[in-house]
Amino acid sequence: MSKRDFYEILGVQRDASEADIKKAYRKLVLKWHPDKHPTDRDEAEERIRALNEAYEVLGNPAKRSAYDQQRRAVEMRRLGKVLRSTINIKTDLPRECML
């Protein structure tokens with residue numbers, strides 16, 4: 001489930017505002033509420049779990065930023081581009097650690 005695209009699950013664009021994400025989430029939760037799907041209750045519950053997971057990440061600006069960075073890194077790696085590390089070992093580590 002976590003390998004799915006959260007933007008796709010909520011049906012929003014990658015540049016959607018927080019308000020758009022919240023609106024899409026609420027609309028889909030009402031649509032897929034298990035009480036509205038008594039014959040397909042298991043599928044409805046699975047969709048609700050996916051919606052909740054997607055909204056938990058995309059509804060929080062810090063988690064969304066981390067998610068977007070991770071998605072970009074995966075896409076770059078898939079395209080064969082080299083990822084650069086942001087850690088400079090000689091300057092970022094205390095002197096005591098460089099024995």
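Both Tyr7 and Tyr67 are buried, where buried means under 20% relative accessible area, exposed over 50% and partly exposed in between (1.4 Å probe, protein chains only). The model is predicted: local features need pLDDT of at least 70, side-chain atom pairs count only at pLDDT 80 or more, and totals for chains, interfaces and linings use all residues. Residues are numbered from 1 along each chain as its sequence is written, and side-chain values use heavy atoms, with hydrogens and water left out.

Start with the overall layout. The protein chain has five helices and zero strands. Helices (H or I, at least four residues) and strands (E, at least two) are DSSP runs, numbered from the N terminus. Along the sequence the pattern reads α-α-α-α-α. Of the 99 residues in the protein chain, 23% are buried. Take the contacts in the protein chain with a separation of 6 or more: residues 24 or more positions apart account for 51% of them. Contact here means heavy atoms within 4.5 Å.

Now return to the tyrosines. Rings of Phe, Tyr and Trp (its six-membered ring) pair if their centres lie within 6.5 Å; planes under 30 degrees apart count as stacked, over 60 as edge-to-face and the rest as tilted. By this rule there are three aromatic pairs. Phe6 and Tyr67 are stacked, because their ring centres are 4.9 Å apart and their planes stand at 25 degrees. This pair links distant parts of the chain: Phe6 is in helix H1 (residues 6-10) and Tyr67 in helix H4 (residues 61-78), 61 residues apart. Phe6 is buried at 4% relative accessible area. Tyr67 is buried too, at 7% relative accessibility.

Tyr7 also pairs with Tyr67. That pair is tilted, with 6.0 Å centre to centre and 45 degrees between the planes. Tyr7 lies in H1 and Tyr67 in H4, so the pair ties together parts that are 60 residues apart in sequence. Phe6, Tyr7 and Tyr67 form one aromatic cluster.

Asp5 sits in the segment before H1. What does Asp5 touch, not counting residues up to four places away in sequence? The partners are Arg14, Tyr67 and Arg71. Asp5 is buried, with a relative accessible area of 13%.

Next come the helix pairs. Two packed helices are described by the angle between their axes and the distance between the axes. Axes are lines fitted to C-alpha atoms, for helices over the stretch in contact, and angles run from 0 to 180 degrees between N-to-C directions. Angles under 35 degrees count as roughly parallel, over 145 as roughly antiparallel, 65 to 115 as roughly perpendicular and the rest as oblique.

The axes of H3 and H4 come within 6 Å and cross at roughly 100 degrees. H3 is therefore roughly perpendicular to H4. From H3, the contact uses Glu56, Val57 and Leu58; from H4, Lys63, Arg64 and Tyr67.

H2 (residues 18-31) and H3 (residues 41-58) have axes that come within 10 Å and cross at roughly 170 degrees. The two helices are therefore roughly antiparallel. Ile21, Lys22, Tyr25, Leu28 and Val29 in H2 meet Ile48, Leu51, Asn52, Tyr55 and Leu58 in H3.

Arg47 lies over the face of Trp32, at 4.1 Å from the ring centre. The rule asks for NZ of Lys or CZ of Arg within 6 Å of the ring centre and within 35 degrees of the ring normal.
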